Amino acid sequence: MSHNVLEKSIEYLKGFNLKKTRLFNIELQIHTYEDLLFFYPTKYVRYFILNNISELIKKNPTETENTLIQITGKITHLEEINYQNKKRKILVAHLEDETGYVELVWFQTINFFRKIIKKNMTITVHGRVKHFQRKIQIIHPDIQKFQFSEKNYSIYPIYSIPKKLRENGINNSFMIEILKNLIEESKNDIEEIFLQDIMKKELMQRKEALIQIHFPQSLEKLFQAKYRLKFEELFFLKLFLLSKKNRNKNSSSNSYSFSRLGKNFYNFYKYCLPFPLTEEQKRVFREIRNDLKKPMQMNRLLQGDVGCGKTIIAVLSMLLALDNGFQSCLMVPTEVLAIQHYSSIKKMFSGIGIQLALLTSSTSIQMRQCIYHDVFIGKISILIGTHTLIQDTVHFKNLGLAIIDEQQRFGVEQRAKILEKNEYPPHILIMTATPIPRTLAMILYNDLKISIIREFPINRKPIKTVHFSNKNRSKVLEIIKNQIQKGRQIYIVYPTIEKFKKNVSKNLMNLMRGYQFIKENFPKLKDRIGILHGRMSYQEKNIQMNRFLRGKTPIMVSTTVIEVGVDVPNASVILIENADCFGLSQLHQLRGRVGRGPHQSYCLLMTNDKISVESNFRMKIMCKTQDGLEIAKKDLKLRGSGDLIGTQQSGNVYFRIANLLKDYKLIKEVIPIAKKFFNKNPDFLLNHKTTKNHFYKYYKSFWGKIS
């Protein structure tokens with residue numbers, strides 16, 4: 001692409017002024033011609049094109065009601081009319097040709113339209129037909145000062161315009177006009193970025209695709225344009241990951257070989273293993289051990305649904321490192337989870353005398369200094385903690401294995417810092433309880449080998465998930481009382497600690513309000529009800545968790561700090577208050593806190609009596625399935641694919657048009673083509689200027705960060 005045009009600020013584009021430029025900068029993050037060119041329509045509508053207004057007049061009203069039409073005519077009448085007892089005004093215009101007229105009506109932003117619509121002006125109108133008091137009306141029509149031809153504009157683009165822009169008169173018609181101006185000015189500066197051998201795949205030329213995506217001449221042309229632009233996004237993402245993998249292979253190939261199983265592993269496996277391993281767990285550990293035998297850095301993803309037993313695999317892997325003379329670390333996203341892992345692993349190791357330590361932001365300065373020293377001299381074999389593990393003050397003697405739990409919660413820079421903790425990079429085992437659709441994993445974890453645990457430990461019963469509204473709260477309390485009578489324990493989770501000022505709903509339950517409510521409804525237990533949230537100190541959290549683990553606390557009132565990893569087999573109920581405040585994946589993670597013992601467990605989703613359509617959909621999905629992969633797919637559709645190479649977890653960042661779920665067939669097409677190109681052109685960043693420029697435009701900021 002030529003930088004002298006497409007990198008120009010939009011303030012220089014016909015149709016923009018300083019105010020509109022600032023609005024586009026702030027609300028849409030559109031700064032340059034290129035940014036605007038890549039602001040694709042969100043959908044398209046096909047209009048029935050009328051040659052004259054009499055075609056509409058002659059038809060039966062029932063046939064034309066709600067019909068989408070396009071018609072051209074002249075404004076012959078224009079007036080503002082008071083309504084609602086003169087509190088509001090509407091703008092009414094007559095659009096007329098030689099055969100009749102229709103009324104155009106605006107209820108909103110009438111000042112904007114009053115300025116741009118003048119009598120005797122010829123315009124083309126797009127809109128939906130309505131009939132009112134024997135008149136044919138088009139409510140809030142889109143208008144153009146120029147006339148569309150049937151060939152070019154029977155398919156009409158619709159853009160997603162934020163409220164702030166709409167309030168300032170920026171509507172769909174304005175978007176079409178400025179994009180028409182943009183394409184007219186810049187179309188000769190849109191260069192092809194693919195080499196000829198890729199273009200042989202019958203891809204539409206890039207310039208043509210960017211024109212057709214905004215102003216398609218036909219459905220076939222629109223399909224070809226979408227295919228080309230999706231192909232481009234997926235191709236360059238795959239190319240980036242191949243380049244990254246090749247770069248890492250060249251710079252980080254040497255690591256440590258864990259060739260032997262020693263006394264620590266055998267003693268633990270024989271005397272301390274808390275439960276028999278499933279066949280899936282055995283298979284996954286064999287895959288990990290085969291990697292660790294080699295003097296090349298392991299990069300493996302261990303994926304498994306909540307409660308499938310990933311932690312025991314981590315423990316066995318750390319014992320393997322220890323038997324070969326190396327230290328391990330386990331990094332987790334929350335202090336509560338770090339405490340949980342430390343307590344459970346310490347208990348497992350109680351009979352074999354392995355030194356481990358816990359390091360979090362709450363660790364005292366005196367204790368911290370002792371841990372630093374013991375880790376540095378190699379006295380501590382296993383260090384468990386939060387992101388504090390990657391601080392510059394933590395120096396290992398010989399870190400051989402780094403395990404990252406719930407890796408999606410850590411940023412790129414945090415994960416990369418682990419690799420700097422030794423002369424040779426340690427082996428990396430990444431664990432996630434968030435199931436990832438295969439097509440997404442193929443792209444996101446291109447440089448990782450993937451192990452998946454699909455089965456659950458024996459005797460696990462399916463969790464019964466039920467959605468309740470506030471009016472049925474008494475039934476929920478009965479279920480909780482019944483389970484407590486059986487000796488079970490209960491989680492009750494709230495979205496916030498206290499009420500935010502912006503939360504005007506009186507029905508939004510928060511932790512402090514809920515804590516009082518539970519004490520009032522369980523008066524005999526009020527002195528034994530636990531409370532857990534992020535503002536508590538390490539000591540307070542530790543006391544509360546230990547009491548719950550030992551069964552001293554029948555009810556734990558908590559925020560989402562217990563979302564991941566907390567393992568209490570006796571907990572049989574989790575009540576999630578205002579469940580509609582959470583996403584699907586988070587609800588699934590929370591549900592995984594129960595169902596870890598032999599008892600029947602329940603996940604109770606509590607919401608207000610009236611919730612949104614989307615929230616109701618999430619509740620139905622949760623009640624319908626416990627399949628984490630199915631939930632992940634639904635969540636991906638609702639939230640977007642996220643920034644796959646950065647740190648953002650939701651929203652579509654890189655992909656403007658591709659969809660990792662819907663376009664899985666295209667992904668399968670693109671991957672071998674990208675691999676073939678890379679194998680033939682491993683130095684494309686040096687040899688192919690146009691391809692390199694496009695590559696760096698999107699990936700340069702990550703090039704130095706990703707390891």
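Trainee: Which side chain does Arg618 meet in a salt bridge?

Mentor: Happy to start there. A salt bridge is a side-chain nitrogen of Lys or Arg within 4 Å of a carboxyl oxygen of Asp or Glu. Here the partner of Arg618 is Glu614, at 3.2 Å from N to O. Before we go on, note that this is a predicted model, where local features need pLDDT of at least 70 and side-chain atom pairs count only at pLDDT 80 or more, while totals for chains, interfaces and linings use all residues. Residues are numbered from 1 along each chain as its sequence is written, and side-chain values use heavy atoms, with hydrogens and water left out.

Trainee: Where do Arg618 and Glu614 lie?

Mentor: Helices (H or I, at least four residues) and strands (E, at least two) are DSSP runs, numbered from the N terminus. Both residues belong to helix α24 (residues 613-624), and they sit four residues apart, about one turn of the helix.

Trainee: Is Arg618 buried or exposed?

Mentor: Buried means under 20% relative accessible area, exposed over 50%, and partly exposed in between (1.4 Å probe, protein chains only). With 8% relative accessibility, Arg618 is buried, whereas Glu614, at 42%, is partly exposed.

Trainee: How many salt bridges are there by this rule?

Mentor: The count is 19. One of them joins Glu192 to Arg228, with the closest N and O atoms 2.9 Å apart. Glu192 is in the loop between α9 (172-186) and α10 (196-199) and Arg228 is in helix α12 (residues 219-251), so the pair ties together parts that are 36 residues apart in sequence. Arg228 is buried, at 0% relative accessibility.

Trainee: What does Glu498 form with Arg535?

Mentor: Those two form a salt bridge, their closest N and O atoms being 3.1 Å apart. This pair links distant parts of the chain, 37 residues apart: Glu498 is in the loop between β18 (489-493) and α21 (511-521), and Arg535 is in the loop between β19 (529-532) and α22 (538-549). Glu498 is partly exposed at 41%, and Arg535 is exposed at 57%.

Trainee: Which residues are linked in a network of salt bridges?

Mentor: Follow Glu280, Arg283, Glu287, Asp291, Arg300 and Lys449 on your screen; salt bridges link them in a network.

Trainee: How many disulfides does a search of the whole structure find?

Mentor: A disulfide is a pair of cysteine sulfur atoms within 2.5 Å, and the search finds zero. Take Cys623: the closest cysteine sulfur, in Cys603, is 7.9 Å from its own sulfur, too far for a bond. Cys623 is partly exposed at 33%, while Cys272 is buried at 18%.
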